[in-house]
Structures are given as C-alpha cells and as structure tokens.
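Please look over the structure below before reading on.

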Amino acid sequence: MGDALAGEGLAQTDTTVTDYFAAVRLSRQEARDSAVSVLQEAMAYADGQDTQTSAQLDSIVQTALCEAQIESLIIAKGYEDCVAYMSNEGISVAVPAPEGGLQQADVAVIADVVMNQSDYTIDDIRVVEVQ
C-alpha cells in the first residue's frame, strides 16, 4: 500500500509541474492577445498608416515564433517541457527539474539553443528549474 501512495504523490507532483507550464503559457498568451488587440484597434483608428504600431505587432509575432522554436528545440533535447519568455532585458527559460536537478551541462545545452535561435548572449539567459 505504501507504493500506491508514493505513486499518487508522484502523479500529484507531475500534475503540479504540468499545471505550472500550462498556466504560464496561458498567461503569456492572454497578455499577448490583449496587446495585439490594443495595437489592432490603434491601427484601425489610424487607417493602417501607423508604422510604429505595425512594427510593434510584427515584434510580438516574431517574439512568439522565436519562443516557440526555442521551446521545441529544448524539448527535442530531451527535456519534458519548456517555457521561454523573451523580454528586452533577456530571456527566461523554465524546464522541469530533471532527476538530480539541473546540472551545468543542462544549462549549457539550454543556453546553446537560446543563443543559436536568438541574439541573446549568455549574460541575458536565465534558466529556471521547476520542481
């Protein structure tokens, strides 16, 4: 019976980590959707002549595509899940804590993916392990 309880605890932990990644993705998408909506309204009001607003929309789309590419490649490297969040200050990459925790080699793999897919340098990258 002790094994069954341990299995339930593991399932609860996995669900919590999965819920974290789903919640972060949803929050990120809602924030972007809101920004896009405001920018689209501004463009409609300006009759499509606002190049700054158009550039902002393009930036949001490019950021979302880059984050998705980074997330896919990190998952392809063997990590269970990943959420990347890009900003002007840098990029944060969250991954589930592997057994034994993140090691220097894990951070190097993640940083390599980020640097190959973006203009960020090693100093701009923050890797967070989710437990």
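What follows is a short report on packing in this predicted model.

**Helix α3**

Helix α3 covers residues 104-117. At 1.5 Å a residue, its 14 residues should span 20 Å.

The buried residues of α3 are Asp106, Ile110, Ala111, Val113 and Val114. Because they cover an arc of only 155° around the axis, they sit on the same side of α3. An α-helix has 3.6 residues a turn, so residues three or four places apart point the same way. The face of α3 turned away from the buried side carries exposed residues: Gln104, Ala105 and Asn116.

What lies over the buried residues of α3? The cover includes α2 (51-76), β2 (90-96) and β3 (125-130).

Ile70 belongs to helix α2. Its relative accessibility is 0%, so Ile70 counts as buried. Setting aside neighbours within four places in sequence, Ile70 contacts Ala84, Ile91, Val113, Val114 and Gln117. Take Ala84, one of these partners. Ile70 and Ala84 are 14 residues apart in sequence, and their C-alpha atoms are 7.0 Å apart in space.

The largest nonpolar core has 17 residues. Ile70, Ile74, Ile91, Val93, Val95 and Val114 have the most contacts inside it. At least two residues of this core come from each of α2, β1 (83-87), β2 and α3. Helix α3 gives the largest share, 4 residues.

There is also a second, separate core of 5 residues. Its members include Val17, Phe21, Ala94 and Val130.

**The aromatic pair**

How many aromatic pairs does a search of the whole structure find? The search gives 1. Its partners are Tyr20 and Phe21, with ring centres 5.3 Å apart. Their planes stand at 80°, so the pair is edge-to-face; the cut-off for that class is over 60 degrees.

| Residue | Relative accessibility | Class |
|---|---|---|
| Ile70 | 0% | buried |

The class follows from the value, because buried means under 20% and exposed means over 50%, with partly exposed in between.

Definitions and conventions:
Residues numbered from 1 in each chain as written. Predicted model: local features only at pLDDT ≥ 70, side-chain atom pairs only at ≥ 80, totals over all residues. Heavy atoms only, no water. Expected span 1.5 Å × (residues − 1). Buried < 20%, exposed > 50% of the residue type's maximum accessible area, 1.4 Å probe, protein only. Arc of directions from axis to C-beta. Contact = heavy atoms within 4.5 Å. Phe/Tyr/Trp six-rings, centres within 6.5 Å; stacked < 30°, edge-to-face > 60°. Core = buried A, V, L, I, M, F, W, Y, C linked by side-chain atoms within 4.5 Å.
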